[in-house]
Amino acid sequence: MKLRDLAHSRTGDKGNTSNISVIAYRAEDYALLEATVTVERVRQHLGALVQGEVVRYALPGLGALNFVLTRALGGGVTRSLALDAHGKCLSSAILDLDI
Amino acid sequence: MKRVRLGTGAGYSGDRIEPAVELAEAGDIRYLVFECLAERTIALAQLAKRRDPSAGFDPLLVDRMAAVLPACRRNGISIITNMGAANPHAAGAAVAAVARFLGLGPMRIAVVTGDDVTGVIRARRDLVLEETGAPVSGLSDSLVSANAYLGADPIVRALKAGADVVITGRVADPSLFLAPLIHEFGWAADDWSLIGKGTLVGHLMECAGQVSGGYFADPGYKDVPNLARLGFPIAEVGADGAATITKVAGSGGLISAATCREQLLYEVHDPARYLTPDVTADFSGVTITELGHDRVRVAGAQGDAWPDSLKVSLGYSDGYIGEGQISYAGPGALARARLARDIVAERLRIIGLPLREVRLDLIGVDAIHGPELSATAPEPYEVRLRVAGRTHTLKEAERIGNEVEGLYTNGPAGGGGATKTAKEVIAVQSTLIPRDLVTPQVHLMEVTP
């Protein structure tokens, strides 16, 4: 099963830092997300896209995880050479994780 | 219990205008807030102002005001916006001109200034860039703009002074929405719990359609009706800071617990420490409850004392970016696009272009997430080569696009649709300054009938 079957996601950007939310559709799936969508898996999945740290914040009350990725946006939206300078498509990359 | 209804009229500079008109006409709102300043907008506006002292505010300001002011005046709706960008005074004058032209006076316009701290930044030698730790003074000649994020206070003062329209430059996005709540309910500026709750409302509302079904649809997984007529959000807020997020009945879009959760975490790092000039907000205990169709209740935000420093966005010239693109389609498209990529890479070496940074991507294959995540994807029918590089001069930047365009007659078969661009880069980094170095000011302008 893909993460996309259990959760939805949105990416935000501030400077060269990206944040990616992972939000369970159903509250009962949150525990599985917390157990399987770890910092290590996210780092491994995104590989070279993240040059800095990956930090995870857990929000059980909202059934959500929030990943913060530093040095992940090619210097930031205002100077990046990337086609998706905001990194907005990162949410879709996360949802491709196998669960 | 008294409740205040706020609407969002825009979530970015180029946003749709009709949803704002819909809110002004049928939203039963008291305040209409337009958030139109992205990170870099104010630096670009500063450059525009250097060329023309009457420019430097949002290019759609006049169109937006002409569209919404008649209904706002009729329905007693006050407008709050950061569309003043680098020139709030000129923006105020432009709004006054619109009001006079449409015969909408008398009206009071407040202009908020004080966010421009270029002088402070140039005078201080001890500041460092948040991103790299390097000294800010290193930017020296390349510095274009320095704007501190102001909080809600000057907007509250403007509303107390009876302003019908409040125009600011750089203000923290949630503060634009928090200010009318402070004004209406008389919240104390250091009642951190209430300020945290009002900041949550602002945070949910600041991107307009992003909480009401925009940027959410994923067919088959998350379906959203009628995005071509997306309704912008309304927050109905009580004196205790709890709010209901809703929209005009019959408008497109969707407001659900899921849309609110996505927006709650948008551009948030530590949800328990969301820093604004007004508060250190804590969203970790927020509850989100669906009350009915397109009605969601949000409550439970908390807050702690505001940060001692204010964030300052620094715009600076950062060289040039040149870019070229060309497409390949049909059988063998991917192999021809890869050949084209190799040719351009070699050409850039042969001509000895001094590139600070370069990337060569295949759009449709690996341009967004790189070669690893796309490795197992099937071969696409069409592929577009994109070459982008950073240079010191415009002339050098132009040569990148030329090398891609040159593939027409010098590259693989069947290349089409070549485009090229070269532009100056105004980049943004940030620093922190003590808040007592920033003095927000409110200037009132009267529009007579």
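Okay, let's start with one pair of residues: B:Val111 stands opposite B:Ile167, which sits in strand S6 of chain B. Before I go on, a word on what we're looking at. This is a predicted model, where local features need pLDDT of at least 70, side-chain atom pairs count only at pLDDT 80 or more, and totals for chains, interfaces and linings use all residues. Residues are numbered from 1 along each chain as its sequence is written, while chains are lettered from A and ligands numbered from 1 in the order in which they are written.

Back to our pair. Strand S4 (residues 107-113) and strand S6 (residues 165-167) of chain B pair in the parallel sense, over three bridges. When I say "pair", I mean that DSSP finds at least two bridges between the strands.

Now zoom out. S4 and S6 belong to an open sheet of 10 strands in chain B, in the order S11-S12-S8-S7-S1-S2-S3-S6-S4-S18, with mixed pairing. At the edges are S11 (287-292) and S18 (441-447), each pairing on one side only. From one strand to the next, the twist averages 20 degrees.

What lies across S4, S6 and S18 of chain B? That's helix H4 (residues 88-101), running at about 165 degrees to S4. Angles like this run from 0 to 180 degrees between N-to-C directions, using axes fitted to C-alpha atoms, for helices over the stretch in contact. H4 of chain B has 14 residues and reaches 20 Å from first C-alpha to last, close to the 20 Å expected at 1.5 Å a residue; the expected span is 1.5 Å times one less than the number of residues.

Several residues of this helix are buried, among them B:Ala91, B:Val95 and B:Val98. Buried means 20 or more other C-beta atoms within 10 Å of the residue's own, exposed means 12 or fewer, and partly exposed is in between, with C-beta atoms placed from the backbone. The cover over the buried residues of H4 in chain B includes H3, S4, S6 and S18. After H4 comes B:Gly103, with a positive phi near 65 degrees.

Next stop, B:Ala161, in the loop between helix H6 (153-160) and S6 of chain B. Is B:Ala161 buried or exposed? It's exposed, because it has 12 other C-beta atoms within 10 Å. Leaving aside neighbours within four places in sequence, B:Ala161 is in contact with B:Ala110, B:Val442 and B:Leu444. Contact means C-beta atoms, placed from the backbone, within 7 Å. B:Ala161 and B:Ala110 are 51 residues apart in sequence but 8.5 Å apart in space, C-alpha to C-alpha.

Finally, chain A. It has three helices and four strands, running β-β-α-α-β-β-α from the N terminus. Its radius of gyration is 13 Å, close to the 13 Å from the globule rule for 99 residues, so chain A is as compact as a globular protein of that length. That radius is taken over C-alpha atoms, and the rule is 2.2 Å times the number of residues to the power 0.38. In chain A, 53% of the 99 residues count as buried.

Key. Helix = DSSP H or I, 4+ residues; strand = E, 2+ residues; numbered from the N terminus. Contact = placed C-beta atoms within 7 Å.
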